[in-house]
Amino acid sequence: MSKCKPKKRILCFLLFFVMMFVSMRSIHADAAPNDKPIVIVIDAGHGGKSNGNEYFDLKEKDLNLAVAKSIKKNLETFEGIKVYLTRKDDKDANYTNRVDYAKVKKADYLISLHFNATEAHMQAGSMIYVSAIPDLRKKMMPIAQSVSESLEGIGIFANGVYTCVDEDGHDYLGFLRKCEEKKVSGMIIEHLFMDREEYLPLINSPEALDTIGKADALAIARALKLNSNSTIYHFTDEPDIETTEPYELPSNYMYPDSASVAVKEYEQITNRAANIVFDVNASDPQGQLASYRLSTDGGITFGAEKDFAYGGKSEFSRILRKGDGQKIVILALNQDHLGCVSNCLDVWDEIKLDRDFDKHKEEALLKEQEEEQGSETASEEIPEEVSSEEKTTEDSSVTDHDPHLNDSQKVVVIFGAFAGLAIAVLLYFIYRKENVSGKE
């Protein structure tokens, strides 16, 4: 029996490992549904016969496809995500087919890519649209906010996140209306206004478009807290994206008509700096102008909103140093938060600085000090410089309270002393003579 014990032990060990293996497989099978990857469908807007906007020999459909491919390439470096494209080449597809494709793929998110333009060519920056339906909007807002911030990080001003609704409160834009119908969380990214020449360097090369695609991909990964083993980007421990309610646009929304900025006046304060007052003017016949934002880098980034002082007019002042903040642009915003970009004002084309200002200022201060000292001297009772006639008059009178005598005063005193002494001696001899004669 002792010979059989080792065999039984081996069988027990084998049975134990088999049971452990079956148990682990069972646990893994139960966990598999929870490890389902996030599915994202990227839609390159337009395609085929639909070119979209066309400026500077560039077609929007081509830009959209290049950015879509870049997003897919960069997103697929992260774990737990599956990415599909609605089109991989230049082919026709309406938005109904695109949303249907996302539905078939059981997409968690559908993101449509576009580049904006207007007839007036006076708008700038990115605009992101999400669904007006609360559940769909809430799910998409972290990605929308993250993309908006990411695009601003590469030099594309962020106008913000919007919904556009019809009279019944449903989505007005056809793509999002179809997403609402199919219950797909959809979003439209209008990356920038491609009719603005200042944005041309951001879209006129494959490398530039890849930069936009990478910015989009990292923003999506950040919002979804994804990790990557092949890159340095790990977002699992990132804080939640802070979101606010999107701006709500009516279906008949209109942009402001015009905006302008000009130098009103200025005061030079150093050789290379001046305190400048600017005039702001804007017009919006269709609505009410609400605020404006200031850019000092030619319209790439804008500061916080400031209320118009009255109507579409306002003014502000800035101390600018030559070489810094040379190009001033104003973004005028109406009550729908739609903006109109002003002219680009090169400050130093309008202002001519005195290169020797500091030297001239110092000379002026010295002259001013001399004049002040002169006026103080002239107001004294006894001036430092007097005429010879005034000196004679002054020297001839000695005040009782002045113990100091000048030369002429000393001569008078000595002469008086000798004269008094002589008179005293004379009186003495006369007195003595009279006494002698009296005795005789």
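**Cavity, pocket and contacts**

Author: The largest cavity has a volume of about 40 Å³. This is a predicted model, where local features need pLDDT of at least 70 and side-chain atom pairs count only at pLDDT 80 or more, while totals for chains, interfaces and linings use all residues. Residues are numbered from 1 along each chain as its sequence is written, and side-chain values use heavy atoms, with hydrogens and water left out.

Reader: What counts as a cavity or a pocket here?

Author: On a 1 Å grid over the protein atoms alone, a cavity is a set of points where a 1.4 Å probe fits but cannot get out. A pocket is an open set with protein on both sides within 12 Å along at least five of seven lines, and lining residues have an atom within 4 Å of a point. Grid points are joined across faces, edges and corners, and a volume is the space filled by probe spheres set on the points.

Reader: OK, how many cavities of 30 Å³ or more?

Author: The count is one.

Reader: Which residues line the largest cavity?

Author: Among them are Gln123, Met127, Asn159, Tyr162, Phe193, Tyr255 and His337. By class, that lining has seven nonpolar, four polar and no charged residues. Here Ala, Val, Leu, Ile, Met, Phe, Trp, Tyr, Cys and Pro count as nonpolar, Asp, Glu, Lys and Arg as charged, and the others, Gly among them, as polar.

Reader: And how much space lies in the largest pocket?

Author: About 320 Å³. It has 18 lining residues, and the closest to its centre are His46, His114, Phe175, Ile188 and Glu190. The lining splits into eight nonpolar, seven polar and three charged residues.

Reader: Which element gives the most to that lining?

Author: Strand 5, with three residues. Helix 3, strand 5 (109-116), helix 5 (174-182) and strand 8 (186-193) each supply at least two. Helices (H or I, at least four residues) and strands (E, at least two) are DSSP runs, numbered from the N terminus.

Reader: Switching to charges: how many salt bridges?

Author: The structure holds 12 salt bridges, each a side-chain nitrogen of Lys or Arg within 4 Å of a carboxyl oxygen of Asp or Glu. One of them joins Arg98 and Asp43, at 2.5 Å from N to O. That pair links distant parts of the chain, with Arg98 in helix 3 (residues 95-104) and Asp43 in strand 1 (residues 38-44), 55 residues apart.

Reader: Are Arg98 and Asp43 buried or exposed?

Author: Both are buried. Buried means under 20% relative accessible area, exposed over 50%, and partly exposed in between (1.4 Å probe, protein chains only).

Reader: What about Arg137 and Glu245?

Author: Their side chains meet in a salt bridge too, at 3.6 Å from N to O. Arg137 is in helix 4 (residues 134-153) and Glu245 in the loop between helix 6 (206-224) and strand 9 (247-250), 108 residues apart. Arg137 is buried at 16% relative accessible area, whereas Glu245 is exposed at 61%.

Reader: Which residues are linked in a network of salt bridges?

Author: Glu149, Arg222 and Glu238. Within it, Arg222 and Glu149 meet at 3.2 Å, N to O.

Reader: Now the rings. How many aromatic pairs?

Author: There are 10. Rings of Phe, Tyr and Trp (its six-membered ring) pair if their centres lie within 6.5 Å; planes under 30 degrees apart count as stacked, over 60 as edge-to-face and the rest as tilted. The Tyr129 and Tyr162 rings have centres 6.0 Å apart and planes at 40 degrees, so that pair is tilted. Tyr129 is buried at 5%, and Tyr162 is buried at 0%.

Reader: Why does the Phe278 and Phe316 pair count as stacked?

Author: Because their planes are at 20 degrees, with the ring centres 5.0 Å apart. Phe278 lies in strand 11 (residues 273-283) and Phe316 in strand 14 (residues 313-321), 38 residues apart.
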